Amino acid sequence: MSNPLTIAKFGGTSVANYAAMQNCARIVAGNPGTRIVVVSAAAGITNHLVDLAHKAMTQDQISEVCQAITDIEYRILNELKDKDSVESKLNDLLDEVKKLAFHEEILHRNDLKDNLLSMGERMSSLMFSAVLAEQNVTTMNFDVRKVLRTDSEFGCAAPQLEAIRENAQALLKPEIDNAIVVTQGFVGADDEGRTTTLGRGGSDFTAALLAEAIDADVCEIWTDVTGVYTTDPRITAAAHPLPELSFEEAAEMATFGAKVLHPATMEPAVRKDIKVFVGSSKEPEKGGTWIVKDCENEPPFRALTRRKEQVMVTVKTPKMMYAQGFLQQVFGIIAKHKLSVDLVTTSEISVSFTLDNPANSVAQRLNRETIADLETICDVKVEHGFDLVTVVGNHMQTSKGVSSRIFAAVSDFNLRMICFGANPHNISFLVNESDSTEIVTILHKELFE
Ligand code: ADP
Ligand code: ASP
Ligand code: MG
């Protein structure tokens, strides 16, 4: 059998510097099945670009941030064996960064913001193909915008699957016979050729979308942890890697805040039954997590996730008891803004729901617009400072003792909202952000240690 066709994606810390890029290049060169490489921006770059795109700064401050970006890229450039062939291309990209950063409309035009945000991936793919070429393989740096068609929702663009497939089959697939193709995660282009981005952490999603479009067998996500863990190892050192996960479990984890996978990563994998591997680019010998359609065992408790920066919105109308269709109006407004609501409770005169509200995100802007619309029909209270904690597992509504075990363990804490039973794979609750680390640690001890 020939080697399974593989797409390898390397995240920000994996391409943070020359030495880290070399680890990744060895992983790619060591697997003859790997024909496409998707890279994120080097660690720190996208955060700098987000600052430039969102914060009002003085000219000096803008220059300082541009210099910080230049320094990160030049540290990599200066270690390249064949620096001369890359330097002028890098300088062109850095000039583009500066031009956009100083553009007088940058804080007000979403198309310019996305153009600026895309620069990190455009620079790192240039550098990574040079590092990969040092492993004596033929490489090419491919502009993903030729293939990854999206709508025009700058900042959280949605992929257009048919166009992506068509473009990938016509333009990308022929290239992989001749070279290992290095391309950019996170970035796309709309019908008019304007640059778009898929939302923070979107490079995982890019890799899965390209895997789907070229009928790959495996999508590897190389990052800074040795797989998907029982919970974020930054929350508790007792977290441990999981050798295997099902598509459903991984999708729940990604949706509910396991940052190691962008929330939408599993969608293309599920559609095309593509195996997903998660491992550490620094320690590939340690193996990692295989995410597959069906796992051998389906334990009731598999993992815990936390999603930070949640807001709780309570809408209230004294007329609700009589006002037919109030709920419909509320959810109509939410739907109009394409928001997804995770937890909902209703009482006779009020409805409360939670919204994901990360800083400087498109979601945050949409939340603001939604709340303004809701205020035209009812009283609205918005409370900040919550995290969403989710227990991920299997058969959770039908297994005995599942909820009692969870809720007994966290009985000392105030749970503001609970969602149990809407889905066999999760139980979620909203907690005060100051309690969430302790809650996850205690629950982890109860369920996984
Ligand atoms: P990359 O830049 O490679 O995309 P990310 O920072 O986006 O990396 O994701 C990796 C991080 O995800 C880890 O460092 C870890 O802190 C966090 N994380 C959250 N939940 C989990 C989990 N369940 N398992 C592993 N890592 C997790
Ligand atoms: N560079 C982008 C970000 O930091 C995308 C990614 O890393 O996946 O959000
Ligand atoms: Mg990531």
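Biologist: Why is Arg-194 called partly exposed?

Modeller: Arg-194 has 30% relative accessibility. Buried means under 20% relative accessible area, exposed over 50%, and partly exposed in between (1.4 Å probe, protein chains only); Arg-194, at 30%, therefore counts as partly exposed. This is a predicted model, in which local features need pLDDT of at least 70 and side-chain atom pairs count only at pLDDT 80 or more, whereas totals for chains, interfaces and linings use all residues. Residues are numbered from 1 along each chain as its sequence is written, chains are lettered from A and ligands numbered from 1 in the order in which they are written, and side-chain values use heavy atoms, with hydrogens and water left out.

Biologist: What makes the contact of Asp-190 with Arg-194 a salt bridge?

Modeller: The closest N and O atoms of Asp-190 and Arg-194 are 2.9 Å apart. A salt bridge is a side-chain nitrogen of Lys or Arg within 4 Å of a carboxyl oxygen of Asp or Glu, so the pair qualifies. Side chains of opposite charge can pair when their charged atoms come close.

Biologist: Is Asp-190 buried or exposed, and why?

Modeller: Asp-190 counts as buried because its relative accessibility is 2%.

Biologist: How do you know that Glu-283 and Lys-286 form a salt bridge, and how is each classed?

Modeller: Their side chains meet at 3.0 Å, N to O. Glu-283 is partly exposed because its relative accessibility is 28%, and Lys-286 is exposed because its value is 54%. Elsewhere, salt bridges that share partners join Asp-190, Glu-192 and Arg-194 into one network.

Biologist: What links Lys-9 with Asp-204?

Modeller: A salt bridge does, with the closest N and O atoms 2.6 Å apart. This pair links distant parts of the chain: Lys-9 lies in strand 1 (residues 6-10) and Asp-204 in helix 8 (residues 203-213), 195 residues apart. Helices (H or I, at least four residues) and strands (E, at least two) are DSSP runs, numbered from the N terminus. Both Lys-9 and Asp-204 are buried.

Biologist: What makes Thr-46 a polar contact of ligand 2?

Modeller: A polar side-chain atom of Thr-46 lies 2.8 Å from a nitrogen atom of ligand 2. For a protein-ligand pair, a polar contact is a pair of N or O atoms within 3.5 Å, so Thr-46 meets the criterion. A polar backbone atom of Ser-203 is 3.0 Å from an oxygen atom of ligand 2. Taken alone, ligand 2 exposes 260 Å², of which the protein buries 87%; accessible areas come from the Shrake-Rupley method with a 1.4 Å probe.

Methods
A polar contact is a pair of N or O atoms within 3.5 Å; within protein, one must be able to donate a hydrogen and the other to accept it, and residues adjacent in sequence count only if both atoms are side-chain atoms.
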